[in-house]
Amino acid sequence: MLVQLARRWAGDATVPASLADVAADEDLPRAYLEQLAIPLREAGIVQSTRGARGGYALARPPAEVTLAAALRALEGPLAPMICASEDPAHAGACLRLGACSVNSLWVRVRDAIGDVLDATTLADLVPRPHLVGIDPRPREVVPV
């Protein structure tokens with residue numbers, strides 16, 4: 001949904017996209033997108049416009065919307081395990097926290113995921129016109 005809205009970004013002249021259009025483009029149920037739109041709107045990532053030409057648009061430029069912000073709005077803290085949660089409310093969730101030998105691993109995994117998602121914006125996911133048609137998959141390197 002957010003990548004579709006990023007593709008339509010044109011600054012102040014952005015035309016809102018209906019969830020029906022986004023659902024058709026992405027082959028997703030509209031009801032699912034409606035559920036996503038609520039927390040994204042509450043987080044200030046998208047804005048909605050009512051009316052016949054209404055719909056959803058990004059609330060700020062795609063280059064300013066990180067994937068970490070979007071995922072936190074949708075899913076909450078970025079943590080592979082509750083013991084590694086960024087949320088202070090989860091601090092006492094695990095009784096073995098002080099004696100756990102793998103907690104530091106989960107914290108490192110959380111931080112690595114967070115670093116990648118914080119460094120990736122919606123603009124990074126919008127295809128550039130000069131690259132359309134180029135296969136983005138890594139190619140097999142054949143030794144000479």
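The side chain of T66 reaches the backbone nitrogen of A69 at 3.0 Å, which falls under the criterion for a polar contact (a pair of N or O atoms within 3.5 Å; within protein, one must be able to donate a hydrogen and the other to accept it, and residues adjacent in sequence count only if both atoms are side-chain atoms). The structure is a predicted model, in which local features need pLDDT of at least 70 and side-chain atom pairs count only at pLDDT 80 or more, while totals for chains, interfaces and linings use all residues. Residues are numbered from 1 along each chain as its sequence is written, and side-chain values use heavy atoms, with hydrogens and water left out.

T66 lies in the loop between β2 and α4 (67–75). Helices (H or I, at least four residues) and strands (E, at least two) are DSSP runs, numbered from the N terminus. Leaving aside residues up to four places away in sequence, T66 touches L117, D118, T120 and T121, where contact means heavy atoms within 4.5 Å.

Strands β1 (residues 46–49) and β2 (residues 55–58) run antiparallel and are joined by four bridges; two strands count as paired if DSSP finds at least two bridges between them. T49 has G55 of β2 as its bridge partner, and S48 stands opposite Y56. Five residues separate the two strands of this hairpin, and in the turn G51 has a positive phi of about 110 degrees. In a regular strand the side chains alternate between the two faces of the sheet. Both faces of β2 are covered, with G55 and A57 buried on one side and Y56 and L58 buried on the other; buried means under 20% relative accessible area (1.4 Å probe, protein chains only).

Helix α3 (residues 30–42) has 13 residues and should span 18 Å at 1.5 Å a residue, which agrees with the 19 Å between its end C-alpha atoms; the expected span is 1.5 Å times one less than the number of residues. Just after α3, G44 takes a positive phi of about 75 degrees. Within the helix, L33, L36, A37 and L40 are buried. The buried residues of α3 pack against α1 (2–7), α2 (19–26), β1, β2 and α4.

Not counting residues up to four places away in sequence, M1 touches L19, V22, L33, L36, A37 and L40.

Note on methods. Buried means under 20% relative accessible area, exposed over 50%, partly exposed in between (1.4 Å probe, protein chains only).
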